[in-house]
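Please look at the structure before reading on.

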Amino acid sequence: MAEPIVSTVVGNIIGRLSSEAVKKIGSLWGVNKELEDLEKAILSIKALVVDAEKKLQDVHDNDRNQVRRWLKRLEDAILGADDLLDEFSSYEAERQMGIMVDCKEVTKKICTTFFSVSNKLLAGLRHEKIKSMHDRLVSIKDDREFHLEENNTINVTLSDDEGREKMAIMECLLDPKINEENNVSVFATIHYWSSDKNALVRGVFDDEKVVNHFDLRMRFDIADLNLNERRVIGGILKFDYDESIEMDQLHKVLCEIIKGKRYLLVLNNIDKSNGEICGKSLKSLLLGDCANGSKIIVTSLGIKAVADFVSAVEPYIYKRPLDPEESWNLFKNVVFKNNGQEEQEEAMINSSKIVEIGKSIVERCRGNPFTIRTIGSMLLLDMESENKNNNNNNPAEAEYWFSSFLENFSKIPQQNINALLVLKLGCYDILPLALKRCFLYYCRLFPKGFEIESETLINLWVEQGFIYSDSSSEKSLEDAGYEHFEYLLQRYFFEFTKRDEYFRCSSFRVPDPMHELGILVSGATRSTQWVSFELVSSSKIPTSVAFQAKRLRALSVLPNDQLRRKTEEGLNQSICDKIISNCKLVHLLVLHNSGMEMMPDSIGKLKHLKYLDISGNPDIEALPNSIAMLHCLITLKLSSCYGLKELPRDIKKLISLKHIEIDWCYSLTHMPRGLDQLTQLEKLSEFVLLNYKKGNIGNSCSLKDLVKLKNLRGELKIRSLGNLKEDYSDKILKAKKHLTSLTLFWDFTTNVGVDNAAVEKQMECLEPHPTISELALMGYKGIKFSDWLSSLRNLTRRRHNTSSAGKYLLRSLVEIRLTELPNLEGWWQKEHSTSSSSLPSFGRLDKLVIEDCPKLHSMPLYVNLRDYLVLDNTSFDTFQHTINAPQSDSTLSPLYQLNTLCIIGIKKLDITQCDNITWERLQRLRFLRLDYLPKLDKLPEGLQHLTALGELHIWRCNIKTLPEWIGNFKYLEKLGISVCPYLNSLPQALESLHELETLEIDDCPILFQRCQKETGKDWDKIKHIPNMKIHRPQSSLSPRF
């Protein structure tokens, strides 16, 4: 089950209750006294829940199960108070609208509504509702049989790892139940930094209680990659490695040492290459006649290593498996004998259906007492989590829990079960409560293998109230959320799939074993408020969702591409209406890539909605203005809605809005008037200006409206600059110190002429804060740049497609893109000569793209490039100057560290120019693409020195043969040849490239015939390659794309 986390929600609610907005509405409604009483009750609860959650985390506390049930009841009641405050937010938004538009009629209407006869009745209902909520909270607070200390400090720090993890390991080592049942049991812990874990485990190993508990302690730090059974046993026994010692002798010595003893063995730093070897090497140790309660602790840098190890040792960790009857008896003792309700226990045991399901669960445990006890405890926890009044354990309820648990349990492959339970014990159980909730939230809301942006998940956590940050802290909730995310990432609950330019994880997935663990731990679907479902019909909601609809707080509709292909439709308006009418309390709604074409007007009824994601729906052209009724909405995601033409005209009413994502909304024509009134806005991915020749400027924002949005942070793109009729005397962006990236797009497509001075003045007013780290200027038509450009000392990335680019050399840059500069001939300071030896160099440049700059013959050298170099339709001179630059004794040769090189569309490049290049300097090049080089009729001889090459692509060239020295590319994994109509054969040397996994040949008529399976003349040269894609030719040499 998802652990109840009340403290963070309580902290957030207290902040809302004490706000001026709530007090004003309380006065209008006449319920200030009731609100004060409610706040006092929640403050008194806050003082207790901190200690309650500490007890829940303490494995030694005997009251844990009672505390869990109490917190669960409290959580449901507290969330009701949170929903009530959403109503206050809605009314405050309406009140603010009257103030913002300075409209007496609106204000009068609102006040008249508040004080009407019908509203007095409504006020009475509100009075009773708040009082009832207060009484319920007080009743739950006092209804407990355990003592709690008062503590008003909500502690959400993640720093007490060592103490918490040591406690968990000690509990595992000293647990008497496991000691009685298991011959040997395994505890595993995973972390990025092995040294931290080694120190922790050493502390456990030398702890006085551990020393006294075990008869024998052994430790083996695995540092040898060439591990085998002899090395493992020798390492445990502290023998020097000696091939002459017989394995039987080693086994005999080991068995003699452990005979009759309760031992502890620590294996440090097993990895995916040796987990199975370590496990299999321990058969003699595990099968030896040791005492019950012996333990093995494994530290690892990966999930696979733990899974392999557990799978290898599983058959040997208990003296004999329990038979079916013994297994069933142990399971019954765990599940039915722990709550003291004998009559109900007897009724459940006598239920044939419960017994049938229970024995199916037990059967999957394969007689392992550790597995049976752990699984039984999880099922018991599931049932008790909903047992608020201690009367739910009747046969009908129990049958539901049993069948739901079996459904989740059956999804786990049999060979993974024990590995997952070991991971649960060593990884999940030791997590702080708040992080357990954050992890399970992903597993419940997204399917196995689902990739998601880290920023998206963090926003989801924040808007569900999982993240708490003290009001005195300068740290934002999003920053605190990223700390939670990093914590889980470092412990392998998440694995990154992409990193951003600052090497932070930008998108990720949950490893399959961890996702299976999350589903198993989170329990039956009935016990959750977060649900996802995949469309199986474009007009039906699954029964399981409809059953829980009234309590759902988060709902994600997953895309079904198969349904889309079959019916050519996705989520229709009818099913949207059903979701909205059934899920009134939903706080989060994800309809990403659902195939919907129109959002229904009824969306405005979801008064509690804080997060709405309708991104990836390209057929949506407009949003209903009723969205403006979502006064609690914090995040609105619309990215990749390519057809979207405008945002809701009353967007100013979304006074809680903090994030608007509209990337790749190419049809968007303008920002609606009033956007500047959303003063809480922190993320506005794009700001689109109206072209005054295409629309009514009175209904849209101007550039000046950005001034009021003082809290903008992160990335901002401003599109359609070029309307030069505004007043540009103000500094619009300079005060926005939290912006990290700024992209400016000028569009002059409808202008007959360009006023260069006006463009320069416009750029002058767009000066960003000097701390900005990335700047892109696209379509700028000024004669010169603004002076502020040279003062941006933190700039690390710069892109521009303006003809004035050559004037500035920014030595701190790590990435440059020069695109569509047809007249740019040189980029260097005037005092330098034109010889390559005199040209200055970029100091930190890692990435360089030069596209469509055919006249660019000279620029600063880029000798330190690491990541990639793309030369597309440009001169070859800059590359020649750089790679042939003189090398000093103290530096690496130019371009020595370059990983990727693409040479494209240099039509004049011939073999003579290529032979003047010192190719051997590219010692670390892994990827090479030669594309659309019509004068290149053979590969340059110097390429044979690129022995680290992993991928080679030759496209649209007039090459006739490939040289035999291609056999030097021993690490080549992929070879791609496309549109090379004159290439008449493949080299014999391909047979020797044993690492070559993929060969792609496209539109090469001669090679197509020679590479036919069994019959082609070149077949024997390539038949060893696992993946071959040889396509029938479509054309002769095709034009450049």
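Which residue forms a salt bridge with Lys72? The partner is Glu75, with the closest N and O atoms 3.5 Å apart; a salt bridge is a side-chain nitrogen of Lys or Arg within 4 Å of a carboxyl oxygen of Asp or Glu. The model is predicted: local features need pLDDT of at least 70, side-chain atom pairs count only at pLDDT 80 or more, and totals for chains, interfaces and linings use all residues. Residues are numbered from 1 along each chain as its sequence is written, and side-chain values use heavy atoms, leaving out hydrogens and water.

**Salt bridges overall**
- The whole structure holds 36 salt bridges.
- One network of salt bridges links Arg16, Asp82, Asp83, Asp86, Arg553 and Lys610.

**Within helix α4**
- Lys72 and Glu75 are 3 residues apart in helix α4 (residues 64-100), so about one helical turn separates them; helices (H or I, at least four residues) and strands (E, at least two) are DSSP runs, numbered from the N terminus.
- Lys72 is buried at 5% relative accessible area, and Glu75 is buried at 5%; buried means under 20% relative accessible area, exposed over 50%, partly exposed in between (1.4 Å probe, protein chains only).

**Pairs involving strand β16**
- Glu686 and Arg719 form a salt bridge with closest N and O atoms 2.8 Å apart.
- Glu686 lies in strand β15 (residues 686-688) and Arg719 in strand β16, so the pair ties together parts 33 residues apart in sequence.
- Glu686 is buried at 3%, whereas Arg719 is partly exposed at 25%.

**Helix α15**
- In helix α15 (residues 303-313), 8 of the 11 residues are buried, including Phe309 and Asp308.
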